[in-house]
Amino acid sequence: MNESDQKPIIILEDVCKFFGDFQALRNINLQVKKGERVVVCGPSGSGKSTMIRCINRLEEHDSGKIFVDGRELTSAVKDIDAVRREVGMVFQSFNLFPHLTAINNLMLALKLVRKTKKSEAREIAMRFLERVHIPEQADKYPSQLSGGQQQRVAIARALCMNPEVMLFDEPTSALDPEMISEVLDVMTDLANEGMTMIVITHEMGFARNVADNIVFMDCGQIVEMKPTDEFFENPESERTKLFLEQIL
Amino acid sequence: MSDLIAWSDDYFWGAMVVLKIFAVSLVMAVAFGLIGATAKLSKSSIANKIASAYTIVFRGVPELLVILIFYYGSAITLTSIGRVFYPQTQFIDIAPFWAGAFAIALIVGSYATETFRGAFLGVDPGIVEAARALGLSNLHTFFYVRVPQMWRLALPSFGNHMLSLMKDTALISIIGLEEIVYVAEMATAVTLKPFTMYMIVALIYLSITTVITLVMMALEKHSNRHLEGAL
């Protein structure tokens, strides 16, 4: 590894976020290096989602600082759009554009944001659909695809923008059990190729396989952050132990 | 019958005027509706208030009065401005075509504002988030994601607005636009056959509105194509 690989690509410093009177994030400090895979877990309502949504500013943090690839997230529109081009996001409920076919879902941002020519955008899109193993579904609409297929299209849509970092917000929670593995397989491939990833998931098998570090959150705080093996073998806090007992 | 043949040219050109005014005011009404709905849904309370005032006024005043007030109001204003520069000015008006088109576009736009507002609220916010997360600008998100989604929900009511818009064109004869109602008035004065002359107008309108209805049905089918064969 050279020196640039050691530099954190995502830095959160003392980030706080309020929804009205409710404090969703309490002094979050987190650093993610290029190529690192971080799995975030914790009970629902612990602020996991809010935290990663702050990283591409779908939520605005109220205090503290967030840096993505050296750019601080402020209200400057130009910076936000630049950051969003670097950061891909996959949602729990897929959020594909229902009025566009699978391939057009991929091509829309290529054409509008990357200003790629149509023929070239189609080629790129097709390549990424092949990568998630569904080139044959290119001309179907999202409603004609299964949940697992939709989520794979959504992953391809984020990937074809060539992001530096991928955020996954419970990508398999809305899926039927038999479709979970096809999505996790795609994510594992991605991790093996060296993509920087932050993944919120309850799939502890996947976490054990793929993650470098595991973050455990509760009540808007990071309770524990440890290398994967250590996290499972030797959790420190009582809260983490209890959570692991329930989930494993 | 020979009376009808004698007036057929006038009816034809009158019908062309009706179609032209429909096309022009349709474009404007959609624009007013989109702007109005966006203003109503914006966080700015000034924009909310202006949009509310717009829909209250134009949905609350009879169409005929809007056209008259708009035409004479603009003519009086323009004439008095004209007299400041050229005291010998007699009368300046906006062409009845444009005054009428603008007036009915404002009216139908105020109804469309409410329709579009409701339809925008029906768009899944997750899809808008996905667009933002991909780096699409606000404007791109609006035209490529929110409007196409909203459109499907708005179409059934919007079909009604298109029919109202078409029928409202009949009112513009009052400010002297030479469309088919105006032609029928002239023809009645000459031939003394009001029933025949107005019946022709009714049939022309009915055939145009039938076409609009068929087009709307096709559009609805097209806008729901992504739901065919849904799992």
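Me: When I want to read the lining of the largest cavity by class, how many nonpolar, polar and charged residues do I find?

Reply: Please keep in mind from the outset that this is a predicted model. Sorted by class, the residues lining the largest cavity are 10 nonpolar, one polar and three charged, where Gly is counted among the polar residues.

Me: How many cavities of 30 Å³ or more does a search of the whole structure find, and what volume does the largest cavity have?

Reply: A cavity here is a set of points where a 1.4 Å probe fits but cannot get out. Searching the whole structure with a threshold of 30 Å³ or more turns up one cavity, and the volume of the largest cavity is about 90 Å³. Its lining takes in 14 residues, and those closest to the centre are A:Gly88, A:Met89 and A:Ala158 from one chain, with B:Ala133 and B:Leu134 from the other. In terms of elements, two or more lining residues each come from α3 (77–86), β6 (87–90) and α6 (147–159) of chain A, and likewise from α5 (125–133) of chain B.

Me: How should I read the largest pocket, and which residues lie nearest its centre?

Reply: A pocket, in contrast to a cavity, is an open set of points. In this model the largest pocket holds about 1000 Å³ of space, and among the 24 residues that line the pocket, B:Lys43, B:Val128, B:Arg132, B:Asn138 and B:Arg146 lie nearest its centre. The elements that each supply at least two residues of this lining are α3 of chain A and, from chain B, α1 (2–41), α4 (96–121), α5 and α6 (138–168). The largest share, five residues, comes from α6(B), and by class the pocket lining divides into 11 nonpolar, five polar and eight charged residues.

Me: How do I express the size of the interface between chain A and chain B, and what area is buried there?

Reply: Interface size is often given as the accessible area that is lost when the parts come together. Between chain A and chain B the buried area is about 2200 Å², and carbon and sulfur atoms give 62% of that area. The contact involves 26 residues from chain A and 23 residues from chain B.

Me: Which residues form a salt bridge between the two chains, and how many residue pairs are in polar contact across the interface?

Reply: Side chains of opposite charge can pair when their charged atoms come close. The count over all chains is 14 salt bridges, while between chain A and chain B there is one. That salt bridge joins B:Glu129 and A:Arg53, with 2.4 Å from N to O. The pair runs between chains, from helix α5 of chain B, which holds B:Glu129, to helix α2 (residues 48–55) of chain A, which holds A:Arg53. Across the same interface, six residue pairs are in polar contact, both residues being at pLDDT 80 or more. On the side of chain A that touches chain B, two or more residues each come from α3, β6, α4 (102–112) and α6 of chain A. The largest share of that side, three residues, belongs to α4(A), and by class the side has 15 nonpolar, six polar and five charged residues.

Me: Finally, how many helices and strands does chain B have, and what does its C-alpha trace span?

Reply: The secondary structure of chain B amounts to eight helices and zero strands, and along its principal axes the C-alpha trace of chain B spans about 65 × 55 × 25 Å.

How values were computed:
Residues numbered from 1 in each chain as written. Chains lettered and ligands numbered in written order. Predicted model: local features only at pLDDT ≥ 70, side-chain atom pairs only at ≥ 80, totals over all residues. Heavy atoms only, no water. 1 Å grid on protein atoms, 1.4 Å probe; cavity = no way out; pocket = protein on both sides within 12 Å on 5 of 7 lines; lining within 4 Å. Points joined across faces, edges and corners; volume = space filled by probe spheres on them. Helix = DSSP H or I, 4+ residues; strand = E, 2+ residues; numbered from the N terminus. Contact = heavy atoms within 4.5 Å. Buried area = accessible area lost by both parts, 1.4 Å probe. Salt bridge = Lys/Arg side-chain N within 4 Å of Asp/Glu carboxyl O. Polar contact = N/O pair within 3.5 Å; in protein donor to acceptor, adjacent residues only side chain to side chain.
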